[in-house]
Amino acid sequence: MNGTPTIPDQNLEEPANPQFETNVKNRNRKGATWRYIFLLSTVVGIIALSVLVLTIIDDTYGLAAIEYKVPLSEILPPGKTIDEITCQEADVILQENVSKNRYRTLQNEQPITERTQEECANLIVYEIAKPVARATWSLSASLLNSEEIQAYTTEKYPEAELVFKKWLTKEFITSPQSDDPLTAGIITAILGSLWIIVIVIIVAFPIGVGAAIYLEEYANDNMINRVIRTNINNLAGVPSIIYGMLGLAFFVRVLEPVTSGAIFGFSDPGTANGRTILAAGLTLALLIVPVIIINGQEAIRAVPASLRQASYGLGATQWQTIWHHVLPNAIPGILTGTILSVARAFGETAPLVVIGAATYITFNPESVFSKFTTLPIQIYQWTARPQDAFGNIAASAIIVLLVLLVALNATAIYLRNRYSRRLV
Amino acid sequence: MNRKLLIAISALLLITTLLAACGGQATEAPAPAEPTAAPVEEATSPAEEPAAEPTAEMPMESGSMLPEIDPATVTGDIVTAGSSTVFPLSEAVANLFKEEGYPGNLTIDSVGTGGGFERFCKAGETDIANASRAIKEEETANCAAIDRTPVEFRIGTDALAVVVNQDNDFLADITSAELAKAFSSEVTQWSEIRPEWPAENILRFSPGTDSGTFDYFVEAVMDSAYEGDGEGEKQILSAANIQFSEDDNVLVQGVAGSPYAIGYFGYAYLSENEDVIKPVSVDGIVPTEETAENGEYPLARPLFIYSDAGVLSAKPQVASFIAFYLSRVNEVIQDAGYFPASEAALNEATQNWCAATGLCQ
Amino acid sequence: MAQRQLTNSFPIEIGEGNRKVLDLRKRTKLHERIIQGLLFICGAISIFTTIGIVVYLGEEALRFFTLPEVTLLEFFTGTVWQPQIDEFGILPLLTATLMTTMIAMLVAIPLGMFVAIYLSEYASPKVRSTIKPTLEILAGIPTVVLGYFALTWVTPILRGVFGENTVQIYNTASAGLVMGILILPLISSMVEDALSAVPISLREGAYGLGATKFEVATQIVVPAALSGITAALILGMSRAFGEAMIVAIAAGAGPNFTLNPFEGAETMTGHIVRISGGDISYESVEYKSLFAIALFLFLVTLFLNLISQRIIARYREEYD
């Protein structure tokens, strides 16, 4: 119940004390002022988030000055435009202009004559004409300064065409990696990130909650338990790259038979390598377990003893009490810890680079024993590149990452809302 | 003995196919450079050392001695790691390799030159190390400890651009000596270098001490102006108003922020930001493809990849990839933002490849 | 009152006319013991992790300290950190870490607390269930993005407010501010949980005595939730301590011994991340020094944690 009870000063039977009256007024005024301050802080937080997200979205659409290395007019037969070209004609053109190896690869993927007209047109454009994004602009710049951009482009890049480019497209999400920002995609990175985060949740959640239960319900206040408690608080502050180094030394090197899958017969022991999704997941799980434990501890501690006593009074064992009474009431706090830690783990870069996440990889991960790359690593790499267009695809990748994060957390948030209720 | 026989046989195979290829233009020439996969029944002559006579092929350009590689016939994994500067280049070549049909697993980790050598020479985990500097003695010693001898392949050039703000109206050319002064603790204001320059603080922007660019600048510019072991480095590290950053994009922001700023970083970051910064010619020479390639421009640093002869023979796909790299790198190097290595350097790399694999000629 | 049915836990059924004797001796069931053991292992994993970290870092750090160029005295008191010229003073890195953490906490603590109080005491359940997860998205934004945000948005604002000559392009102030925004959801969510867990009976009692909502919130609820609040603050501080990317981008890559937040500087974590990803040889002194820095950071965090634990233990109150 959150309603403000009104102070029934009108119902007082004693004669109204003027000092009391002004005091009440002051207290109410103070309360109202502070209420606005609290509301303002929330608004500031929301504004900060909105500004951040908007600046990122700003870069996912915009004008781009595209230059073709080979003008389309030189490739296409005279009189035909790119939209009129049939796949049969495209086949012939490709055979003449593209290296034989590349042509063979394309044919093996899907014979050119069997593709749709749009795909054939795209092939001609990307394989032969080879577009390059010479400069790009954000959405706000494109909307507000379009004439200046127009003038700038005609002056600096006379050969270039100014198009309104949508960077966050379905092709972007489903294409594999490439060095060309116009054709690069993030499917490999998405799969890597998702595989890892699933392992992280499966490993970290039970261990974290288990340790929290132990520390709050079972542990006596002896030396070793106090050491454990201090330990956990300390571990929450260790920089993530140290966990990366630890994970490298332990999960990748010492546990190599396990993390490379050799022990399960998954890979050839001769070439097996511990730098896999499994090792990365375990390392990140280790990173976030302390936060889950601390949140869990606080949540379990906050369950009133009266609830526990009532349960014991009816004859339940300790575990029954915990499982049926304490945990359900502590779930919201535990889930908060999980949500915050999963968010952190999803965005980690440094420890994964140490573990051995690739920055460029030619294949999608097939199992937990595969090599991998992740979204944050791609984003980090692209933001460091000089070409404008990389900034745009980095922004698009960030949006995808945030959407995935929200989706991942949605279950936890739903559960948290369901279990969240005030205790007496 | 067995391995030499196989090498000889595949060398002969190669020669025969090259001869065939030389005759016609667009003939299919799948020349598997894989000694272990070479069909033994095609042996046409007894085992001979591949110190064969020079064939009718006279090496005309640097690439002509390398065998033609068809990526679709290359099988097996390739693991590379190293410099973040070389990364865009390796990524472009690897992408080309994949597009032309390579079916296997290729990974490139961008962990820095130091990390690349660590994995190559200490852990022996990678097949190729990407490096923006030459390998150091300690690292070679580590390699020796795990039975690896690094083979160097020069694959490109990164020109260092010295840049100033677009609104800088007084600086167009600087001598090497003045450049060293500009980044030293000797002077604080522009006018102390040349009296006609404004009496304003020099705002300096430099890559961090962990960067190969920094090392190269110290070596090429500071050390030649300041005698003494480590003196050049001391000068730049104790300079006033110097700001370091590990991200070159961030350095661009820095220089773009003031007309009295000066900075240096890879050429690619200049060419992409020419609306806010502009280059300064060093000793009268502006970095262009020519001047970077032929060595005229004084601040052009080499880019390398390293491998090992043992790796090249145990994993023939690595040998194929490097051969592919050396022959195709100049197609993609401009887009990546770098300049081609000189003919001589690429020839030397080719020679190194041939010596390590024995698959040429 | 119990909203859940106790499951079939009684060992003996008591039905009409079918009485059996209840055995009231305390017996610990085997499966209870097993569960307890499993849970203990979960807790013990943290010990193994710490041992692993200390041993691994300690080994390498020892190798660093036994080098001739390095002395412990210089390490702890030197004001210049430039391994290339044999300067190994940790103070510049330490001051930068402390400064950014302090600025971050100055932003995150008040904002986080106020947001938490608003969500827990004033907002309707619907508003709370929308805003809380929305703010938690902030925790998921990659720190690289926040670093660039600090450089391209916050620094120009600071330069506009304080003047271009006082504020350098790379400065710890904007890194600290943005770090505060990163930590905000951490503090606000955890504190909100703690505040929500305070029993309503306390609030009702206070209202009954005529307190205003503000007084209830600040004088009753917050003190009651102090344990959870301090846990949140400590976690937030630890996160700020261990943050690398934001500072690396917005505050520059040069260790600088200064207390001026408008100058560039480098934190301990930022330094570790930068060097390990750079071109420096792993055999060099500079690389080996990273382990010493990491160990030092670990010990400083431990020290701060011990102090905070003492404080909590004194002020924590249990209700009901």
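**Reading the sheet and the interfaces**

Tutor: Let's start with one residue pair: Ile66(A) stands opposite Ala133(A) in S2(A). Keep in mind that this is a predicted model.

Student: Okay. How many bridges join strand S1 of chain A to S2(A)?

Tutor: Five bridges connect S1(A), residues 61–68, with S2(A), and the two run antiparallel.

Student: In what order do the three strands of the open sheet in chain A come?

Tutor: The order is S2-S1-S3, with antiparallel pairing. Strands S2 (131–136) and S3 (161–166) of chain A stand at the edges with a single partner strand each, so one side of each has no neighbour in the sheet. On average, neighbouring strands here are turned by 45° against each other, direction ignored.

Student: Let's go to the interfaces. What area is buried between chain B and chain A?

Tutor: The general idea comes first: interface size is often quoted as the accessible area lost when the parts come together. Between chain B and chain A that comes to about 3,200 Å², with carbon and sulfur atoms giving 40% of it. On the chain B side, Glu91(B), Lys98(B) and Glu272(B) lose the most area to chain A, together 17% of what that side buries. The contact itself takes 38 residues from chain B and 35 residues from chain A.

Student: How many salt bridges does the rule find across the interface of chain B and chain A?

Tutor: As a general point, side chains of opposite charge can pair when their charged atoms come close. Seven salt bridges are found across the interface of chain B and chain A. One of the pairs to look at is Glu125(B) with Arg253(A), at 3.0 Å from N to O. The interface of chain B and chain A also has 26 residue pairs in polar contact, both residues being at pLDDT 80 or more.

Student: Which elements give two or more residues to the side of chain B that touches chain A?

Tutor: They are helices H2 (87–99), H9 (267–271) and H12 (316–336), plus strand S2 (106–110), of chain B. H2(B) gives the most, with eight residues. By class, that side of chain B has 15 nonpolar, eight polar and 15 charged residues.

Student: Which strand of chain A pairs with S2(B)?

Tutor: That would be S4(A), residues 360–361, which pairs with S2(B) in the antiparallel sense over two bridges. Look for Ile361(A), whose bridge partner in S2(B) is Thr107(B).

Student: Now chain C. How many residues does the contact take from chain C and from chain A?

Tutor: It takes 96 residues from chain C and 96 residues from chain A. The area buried between chain C and chain A is about 8,800 Å², and carbon and sulfur atoms give 71% of that. The rule finds two salt bridges across the interface of chain C and chain A. Glu215(C) makes a salt bridge with Arg27(A), where the closest N and O atoms are 2.6 Å apart. Polar contacts between chain C and chain A come to 12 residue pairs, both residues being at pLDDT 80 or more. Helix H1(C), residues 30–65, gives the most to the side of chain C that touches chain A, with 17 residues. By class, that side has 55 nonpolar, 26 polar and 15 charged residues.

Student: Last one: which residue forms a salt bridge with Arg301(A)?

Tutor: Glu216(A) does, with the closest N and O atoms 3.0 Å apart. The pair links distant parts of the chain: Arg301(A) belongs to helix H13(A) (277–301) and Glu216(A) to helix H9(A) (187–218), 85 residues apart. Over all chains, the salt-bridge count is 33.

How values were computed:
Residues are numbered from 1 along each chain as its sequence is written. Chains are lettered from A and ligands numbered from 1 in the order in which they are written. This is a predicted model: local features need pLDDT of at least 70, side-chain atom pairs count only at pLDDT 80 or more; totals for chains, interfaces and linings use all residues. Side-chain values use heavy atoms; hydrogens and water are left out. Two strands pair if DSSP finds at least two bridges between them. Helices (H or I, at least four residues) and strands (E, at least two) are DSSP runs, numbered from the N terminus. Axes are lines fitted to C-alpha atoms, for helices over the stretch in contact, and angles run from 0 to 180 degrees between N-to-C directions. Contact means heavy atoms within 4.5 Å. Buried area is the accessible area (1.4 Å probe) that two parts lose on being put together, summed over both. A salt bridge is a side-chain nitrogen of Lys or Arg within 4 Å of a carboxyl oxygen of Asp or Glu. A polar contact is a pair of N or O atoms within 3.5 Å; within protein, one must be able to donate a hydrogen and the other to accept it, and residues adjacent in sequence count only if both atoms are side-chain atoms. Ala, Val, Leu, Ile, Met, Phe, Trp, Tyr, Cys and Pro count as nonpolar, Asp, Glu, Lys and Arg as charged, and the others, Gly among them, as polar.
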